Amino acid sequence: MTTDRPNRGIALRRTVAALAIALAPAVLASPPAQATPGADTTAAHTHSAVTSTSTSTALSTATGTAGRVATDVATDCKPDDSTACVAVVVMNDAGDRIADAEVTITGPGGFEETVTTTADAPVSVAVTEVGRYTLTLDPASLPADEQLPPGAPTELQVPAQTGGTGRAAFRVGGEAAATESPTGEATTTAPGDDATDSGAGTTTEGDAVGTAPEGDASERAFSWGQVWQQFGSGIRFGLLLALASIGLNLVFGTTGMSNFAHGEQFALGAALGFIAINQMGMSIWVGGLLTIAVCALTGVAQDAAIWRPLRRRGTPVMQLMIVSIGLSITLQYVIQLLIGGGSERILSANPRPLTLLGITLSTTSWISMAVALVCLIGFALFLTRTRLGRATRAVSDNPALASATGIDPDKVVRVVWILATAFAALAGLMWGISFGSFNWQLGVQLLLLMFAAVTLGGLGTAFGALVGSILIGLVVELSNLVIQSDLRYASALVILILVLLIRPQGILGRRERIG
Amino acid sequence: MDEFLRILTQSLAELIAPTTAAYAIAAIGLNLHFGYTGLLNMGQAGFMLLGAYGFGIATIAGAPFFLAVLVALVAGLLFALVLGIPTLQLRGDYLAIVTISAAEIIRWIGRSTWLQEWTGGASGLQGRNYKGTFQDLSPLPDGRTAIGPLEYINTGSDSWWTRLFAWGVVALALLFVFLITRSPWGRVLKGIREDEDAVRALGKNVYSYKLQSLALGGMLGALGGVLYVLPITIAPDAMGRTMTFFVWTVLLLGGAATVFGPVLGAMIFFGAYMFMRTGMRALSENTGVGEIISTTNVEQIGGMLVGITLMLLVIFRPQGILGNKKELAFNVR
């Protein structure tokens, strides 16, 4: 124990800092939301439904008004269970829509249509087949003063899914656009899909995790039904987060390393699941099991190739942590190579809603929650009832003492790596299925929430991760009752900082770990 | 051959680019944290973004150039205090977790619609809105100047004036770090890195020294953020985790706990990174390699190589190019 002895000065400083941070949420809560300009692109944010379930009502606000269009294509597209839509808009620097630009839409099955944009709404066409559609803008049809900036793409690709609208936005005009903002963006929305702005550049770090709740607190009447619904979403978030973060906590407990690459293991589960189930057309169960097996193999391989040799050399834990950051960067770009820079959906079909106890979530979400719960209970039984589980806890407690009693720490750590990566992959896979779409940045964003969860529960304690995750899940999903929905994740991280101020060892942690 | 010369020129230009200088400053700040004090700050990009916002918003509000820079420095200082006060008494990785989270909070707040009036939301602040005061300071005459193969305008966004100013600041920061790390204050910092308890036994307040180091390094980070946005725009998404990890790679490549390490690291890193990317792009456009590696994959392969470089560096040469293995901060608890 080497911390400075607490004295009045420290207590005072801590109190001041606690007050300062405690005030932050209050400040966040106070100003009302302002209307967002460029409503057609932000519609994706504000209107996509919270629960993966509601029907196309949210989208019709954005696409249903496209009536006055001078083409013979079915432009008034409303997505439903058997129809997918592709919508396009051409915008200038100021965010105004440009009329009379010609865009050709081509896609699978020889689909080809040319549409003309209007100034008052995005033009949408109904397409028959699910898949990727390419939109090509004819630069000659643009007004002379609103030309494409040099280097801007004339082609965008959007995925179309039944029950959803794939959106593409071309940005034209202005010199600034050429260098200073993403010049083209393709977004896709579907009921329950999360709001995703994937900029054309692959280096931007937009946010595309989880679902975007229905607007902000100020735009919506408060009701207890809504709170209950969001409570359900919070439990779903918490259970999946718990499944992911027990691995992080186990690795920390047994090796003392904060594994920054754990988020990528989570995203790898979603990415490989997408490849196996969506692209290769395997059934969910076969593809899912294969994904988990492959990810567990990456865990074994990592331990054998990187972590065990480094442990043998007695490499300090901090050095290991930076190695894991390097691994995290590498894996992040591997995932980007695998699935590309856009957002993808594992299941292309429209989710079916199911209401239990007054909470409406998609059927796949309920199944995911049940699977997560079974896995968590099984894991708890493993830790408390089996020989290997008890050995794992012994190694987390005191590796030297554990090996003195005949436990092989290397074997335990290998098992821990397998469990950690397999659980992370399962959680990532179920996340991708039940939250709609995901992109390559899923990992790092979830990693921070996992850190918040395990710190809240108690770093290195097996059951702390569960308690912390459920709490973080609830905070994230319920916070938009009070603050802006695009700051939901920030609220979880503010809680992390507050926890470190008040009870650094976490809810279930012990004092000596934090030293 | 022409193609090769062009790639070489571009890589050479990257050595003196203002963004390289900005990364060098941020790495000098991180060096104060990690190299000299042993603090694991994983949120240097947060300091940079906050500095950039402080500078940009103050300038747009009408502040003169040096006042706006001061605002940026104060923003970095306050951020360091808010982060340091709760975490510096805990084990090292808590600081890492909190700083990476806090940097993300800053980015999320920056890109949210909540403060859009000031921060410009996800699209950020346009360069032309805040560059005026800086460009008015330029003593250089109008026109263009070419030195060797490099030719830029004298005053403007991507200009000689930006480069002169940025590298001037780097030189001043190097002098500052050189002087303070030789002072008694700097020796206490190194003592904390080597053995906190021994320093405490000498009656030094370790917590206070760590906080001072975090604040100074954070202010340098904020200054790096100002330099970073002078030639471009303030875009929150360009200043996220990837930036922090690049700053770390720069520092570890050059050598932590050395004065010139961050600068050398920044030059080599960005020169090589540019060479690799333009080289791969040229290969994929002009030769058969394009069948396998498309131009869009070049960025991704580049990023992967950065990650692998960081791993190999930390495993096989943790002291970097200039460092001394005995003076390594990895042994902190």
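**Helix packing, cores and a hairpin**

Let me start with a helix pair in chain B. Helix α13 of chain B, residues 261-286, packs with helix α14 of chain B, residues 295-316, at an angle of about 150 degrees, and their axes are 9 Å apart. The crossing of α13(B) and α14(B) is right-handed. This is a predicted model.

Which residues make the contact? From α13(B) they are B:Y273, B:M276, B:R277, B:M280, B:R281, B:S284 and B:E285. α14(B) supplies B:T295, B:V298, B:I301, B:G302 and B:L305. By type, the residues of the contact of α13(B) with α14(B) are six nonpolar, three polar and three charged.

Next, the cores. The largest nonpolar core has 200 residues. Within this core, A:A452, A:L496 and B:I25 touch the most other members. Which helix gives the most to this core? Helix α12 of chain A, residues 409-434, with 17 residues. Another core, of 25 residues, lies apart from it, and A:V88, A:M91, A:A168 and A:F170 are among its members.

Back to B:I25. Setting aside neighbours within four places in sequence, B:I25 is in contact with B:V169, B:V170, B:A173, B:L220, B:L223, B:G224 and B:L227.

Last, a strand pair, again in chain B. Strands β1, residues 144-147, and β2, residues 150-153, of chain B run antiparallel and are joined by four bridges. B:R144 stands opposite B:I153 of β2(B). How many residues lie between β1(B) and β2(B) in the hairpin? Two. In the turn, B:G148 has a positive phi of about 60 degrees.

Terms used. Residues numbered from 1 in each chain as written. Chains lettered and ligands numbered in written order. Predicted model: local features only at pLDDT ≥ 70, side-chain atom pairs only at ≥ 80, totals over all residues. Pairing = 2+ DSSP bridges. Core = buried A, V, L, I, M, F, W, Y, C linked by C-beta atoms within 7 Å. Buried ≥ 20, exposed ≤ 12 C-beta atoms within 10 Å, placed from the backbone. Contact = placed C-beta atoms within 7 Å. Axes fitted to C-alpha atoms, helices over the stretch in contact; angles between N-to-C directions. Left-handed = near helix turned anticlockwise from the far one by under 90°. Nonpolar A, V, L, I, M, F, W, Y, C, P; charged D, E, K, R; others polar.
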